[in-house]
Amino acid sequence: GAGRRENAEKSLFGVPERFMKPRLVLIAVTAILVCFGLLMIYSASSVTCLASKACNYDAAYYLKRQLGFAAIGVILAVVIAKVDYHALSRDHLVAVIAVVILALALVFVPGFSNSTYGASRWIRLGPLQLQPSEFAKVAIVIVAASLAQSWFVDGDMSNGELLKFAAAGIGVPIALIVIQPDKGTTVIIALTIAIMLLVAGFDLRKIAVPLGLVAVLIIVYSLTQDYALSRIQTFLNPWEDEQGDSYQIIQGFYAFGSGGLFGVGIGFSKQKYAYLPMAHNDFIFAIICEELGFIGASAILLLFAMLIVRGYWLSMQSTDRFSFLTGCGITTMLALQIVLNVAVCTNLVPCTGISLPFFSYGGTALLIQMGEAGILLSISRENPCALYEPRELFRFKKAKNQKIEE
């Protein structure tokens with residue numbers, strides 16, 4: 001009977017298969033995206049690297065660097081998945097806020113700052129170049145989730161304390177990111193916080209005016225900068241200056257058109273031959289579409305959709321509001337970044353400098369994205385409900401409710 005079925009049940013890593021399946025889906029999808037991202041970085045950057053002295057004329061220069069960060073990212077994800085992430089909220093919230101503010105401030109300090117393309121977004125620590133705003137995104141989500149848990153559920157935080165921590169842990173980091181300037185990251189953080197407030201049960205009508213005021217200030221500040229105005233003009237009429245400000249987006253159009261339905265094949269892109277600037281970075285989706293075509297690009301987007309759906313599902317099954325909001329915030333941030341990158345490449349929104357998760361070259365971003373996957377795994381590990389498939393969980397809850405009624 002039941003004993004035989006239990007003994008015959010398949011197990012993975014010493015855990016029943018049905019318990020491990022939700023985690024394995026998340027792990028498998030993340031692994032596929034990382035591996036395919038490495039392949040596309042090599043394909044998109046190999047020609048540029050062969051002709052670049054800075055890359056030692058090594059076709060695999062960017063691939064080797066990204067592969068090193070991927071290896072560190074795997075270790076980071078495993079460690080985070082095994083530790084209690086609640087400690088960041090419970091015991092180290094002030095330290096998290098202080099470290100994030102310090103890191104963001106270092107981008108303006110001579111000797112640490114490493115400005116590129118007119119923006120101060122990176123710091124140099126020896127041979128490493130890091131982008132603090134990537135760390136800040138996750139830290140802000142954790143701070144927001146922690147404040148919601150303390151204020152809504154635990155009731156151990158006054159309104160004054162809430163405002164003080166929100167200003168230090170959310171307001172100051174966002175302000176530092178705005179003045180780098182990094183409008184794309186600012187938009188992603190602002191939308192993520194708004195969605196987190198909504199799902200947390202916060203009455204958005206009470207803060208609609210302050211949020212609107214902040215949005216207006218950011219827009220006005222952006223319009224005072226020449227490069228932001230040129231990006232808006234490029235978005236409205238990309239064919240007006242094909243060899244100038246619109247050059248990158250136009251070359252991206254050519255990549256999309258060349259790909260057709262099935263693509264020209266991996267490694268056979270023509271646009272990567274010095275036609276499309278930064279082909280291995282923000283516009284790597286254009287190379288994906290050229291080499292894999294509509295079918296291949298759709299498959300990549302389907303993998304992203306699976307990752308997002310699984311992230312939300314695991315978050316919804318969490319046992320406390322902090323875990324729920326942390327998982328929801330991380331998943332929302334990934335979803336927004338994917339949508340905005342694809343929208344920029346297809347000229348549906350003005351250029352924002354947003355990279356494509358797991359695909360665009362960037363060690364800091366890859367480390368953080370794998371760390372985010374580790375947090376989602378940690379949420380699934382600590383929550384027994386998340387180990388069940390939706391149908392099983394529905395049957396369990398239905399049976400439990402019937403028992404209570406009897």
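Modeller: A residue counts as buried under 20% relative accessible area, as exposed over 50%, and as partly exposed in between, with a 1.4 Å probe and protein chains only. Glu291, at 1% relative accessibility, therefore counts as buried, and this residue lies in helix α12. Please keep in mind that this is a predicted model, in which local features need pLDDT of at least 70 and side-chain atom pairs count only at pLDDT 80 or more, whereas totals for chains, interfaces and linings use all residues. Residues are numbered from 1 along each chain as its sequence is written, and side-chain values use heavy atoms, with hydrogens and water left out.

Colleague: Which residues is Glu291 in contact with, leaving aside its neighbours within four places in sequence?

Modeller: Contact means heavy atoms within 4.5 Å. With those neighbours left aside, Glu291 is in contact with Met40, Ser43 and Lys272, and also with Phe262, Gly263, Val264, Gly265, Ile266, Gly267, Phe268 and Ser269. Across the protein, residues 24 or more positions apart account for 70% of the contacts with a separation of 6 or more.

Colleague: Is Tyr254 buried, partly exposed or exposed?

Modeller: Tyr254 has 39% relative accessibility and therefore counts as partly exposed. Tyr254 belongs to helix α11 (residues 247-259), and, not counting residues up to four places away in sequence, touches Trp239, Glu242 and Gln271. Of the 406 residues of the protein, 47% count as buried.

Colleague: How should I read the largest nonpolar core, and which residues touch the most other members?

Modeller: A nonpolar core is a set of buried Ala, Val, Leu, Ile, Met, Phe, Trp, Tyr and Cys residues joined through side-chain atoms within 4.5 Å. The largest one here has 90 residues, of which Leu33, Phe285, Ile288, Phe304, Leu356, Phe358 and Phe359 touch the most other members. Helix α12 (residues 284-316) gives the most to this core, with 15 residues. Phe285, leaving aside its neighbours within four places in sequence, is in contact with Phe256, Ala297, Leu301, Asn341, Val342, Cys345 and Leu356.

Colleague: How are helices defined, and how many helices and strands are there?

Modeller: Helices (H or I, at least four residues) and strands (E, at least two) are DSSP runs, numbered from the N terminus. The protein comes to 15 helices and 4 strands.

Colleague: At what angle do α12 and α13 cross?

Modeller: Axes are lines fitted to C-alpha atoms, for helices over the stretch in contact, and angles run from 0 to 180 degrees between N-to-C directions. The axes of α12 and α13 come within 9 Å and cross at roughly 165°. That makes α12 roughly antiparallel to α13, since angles under 35 degrees count as roughly parallel, over 145 as roughly antiparallel, 65 to 115 as roughly perpendicular and the rest as oblique. Phe285, Leu301 and Phe304 are among the α12 residues that make the contact, and Asn341, Val342 and Cys345 are among those of α13.

Colleague: What do the other pairs show?

Modeller: Helix α8 (residues 183-199) and helix α13 (residues 321-345) have axes that come within 9 Å and cross at roughly 140°, and α8 and α13 are therefore oblique to each other. Helix α5 (residues 93-106) and helix α7 (residues 159-178), by contrast, pack at an angle of about 15°, with their axes 10 Å apart, which makes α5 roughly parallel to α7.
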